[in-house]
Amino acid sequence: VALAEALKPHEETTETADETREEDARFVERFRRGDARAFDELVKRYQRQVFYLALRYVKNDDDAKDITQRAFVRAFQGVSGLRGDASFRTWLFKIAVNLALNHVRDRRKLRPVEEAAEVGIDAVGASRIDEEQDRQSVLDALDGLPPKQRLVLELRVFEELPFREVAVAAGCSENAAKVNFHHAVSKLKALVKGAAGIRSKKS
Amino acid sequence: MSQTTRTRPSCDDLAERLAPHAVADDDDEVAVHVEGCASCRKEIGALRETLRAVKDAARMAPRDEAFWTDLGRDVRLAWDRAEEERTRRRWWGLPRAVWVGLGIAVTGAAALLLVLRLRGAPDTIPPEAGGPQSGFAGWGGSEGHELPMIDEEDIEGEDLDRVLTALEEAQDREVERAIRNAATSIGIDRDAAEALTGETDPYETVEDLDDDELERVLAALAKGV
């Protein structure tokens, strides 16, 4: 029970999520009316989450900063198209993830074949897994998840969005979001278990 | 007497709901099942262990406050830049319509300018050199009609070139059309009229006319044909 409690992210109650959305909506409305402070307020609210979300994909501070900037710019430029009942936060995260994915895709296209091969060798070299390699393996596995599974997992575990909002960001039903989450965690579990097995053999 | 019995969900039935429950602890049906099922209890424990490992692995180094202040400032700068760019584009987007309007607006002015330009020639070019005849002398004063001016401060860099080119082209097209209409209206045949308004600069084309043709074209232009 203690583990479950420790692990459990801060779960937003429906009321809290709704309050957040309503507050955001008020800032958005003020921004639409030309109040620059509303812009700054929303940036201050979400810049950390957007930055870390982007950083998980791009692994580089500068790129994550760039994506954060672009995500906010796009969100604010398109804010007039945001439906009244839509969540600004969910929308912003979705934009950030799309930008990050595009960035990663472009970077992969540019990455030399040798570098990719080297990464492969590192991952295979699991016979000498130490703590850092375990960590890296988990991150690699996270990278290797299908985009929707990864998005659902990222938003639920790291950004602590309720499944309802995760579903909106992922463009699927809440139930589908949960199923994607299940598959993502199952895949990661196999890997973590594998790494732990190798470590115990070693010891 | 029939009684509807609700079958209790099996482990397989609930398999896909374990992970969501592991993170949210909000599925009562799963909670009840896990309570009485050792294997699912074990499974949910493993899923939580996995999620914790993932969270640990992905834990990011915390940044100091200055980092966020800078990031906030950079976002603001990016927004300001994007807005400037958007304003510039909007200005250029609107102008498509505006340019058409401007093109139409300069029609008369351009034709008139042409007339005035050629009309001033007798003062400087002697008739024996092929300049226009004195028949043009009575056509109004020397002050021309000013073309609509664009404040250069409103336009930046390459857009200014595009604007000027667009204006120039619009003006040439209008002059061409005016000349073609004028030439046709005074009976210069179609081929000749086409030749007048072909690839060449309309101003040069006008200068290629013989004196008689030129006089008639200008007269037609002056009538506003």
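Author: Chain A holds ten helices and zero strands, where helices are DSSP runs of H or I with at least four residues, strands are runs of E with at least two, and the numbering starts from the N terminus. Read from the N terminus on, its elements therefore follow the order α-α-α-α-α-α-α-α-α-α. This is a predicted model, in which local features need pLDDT of at least 70 and side-chain atom pairs count only at pLDDT 80 or more, while totals for chains, interfaces and linings use all residues. Residues are numbered from 1 along each chain as written, chains are lettered from A and ligands numbered from 1 in the order written, and side-chain values use heavy atoms, without hydrogens and water.

Of the 203 residues in chain A, 44% are buried (under 20% relative accessible area, with a 1.4 Å probe and protein chains only). Among the contacts in chain A with a separation of 6 or more, 66% join residues 24 or more positions apart, a contact being heavy atoms within 4.5 Å.

Turning to the packing itself, the largest nonpolar core has 81 residues, such a core being a set of buried Ala, Val, Leu, Ile, Met, Phe, Trp, Tyr and Cys residues joined through side-chain atoms within 4.5 Å. Helix H3 of chain A, residues 36-58, gives the most to this core, with 13 residues. The residues with the most contacts inside the core are A:Phe76, A:Phe88, A:Leu153 and A:Phe181. Leaving aside residues up to four places away in sequence, A:Phe76 touches A:Phe31, A:Phe39, A:Leu42, A:Val43 and A:Phe88, and also B:Trp79 of chain B.

Terms used: Buried means under 20% relative accessible area, exposed over 50%, partly exposed in between (1.4 Å probe, protein chains only).
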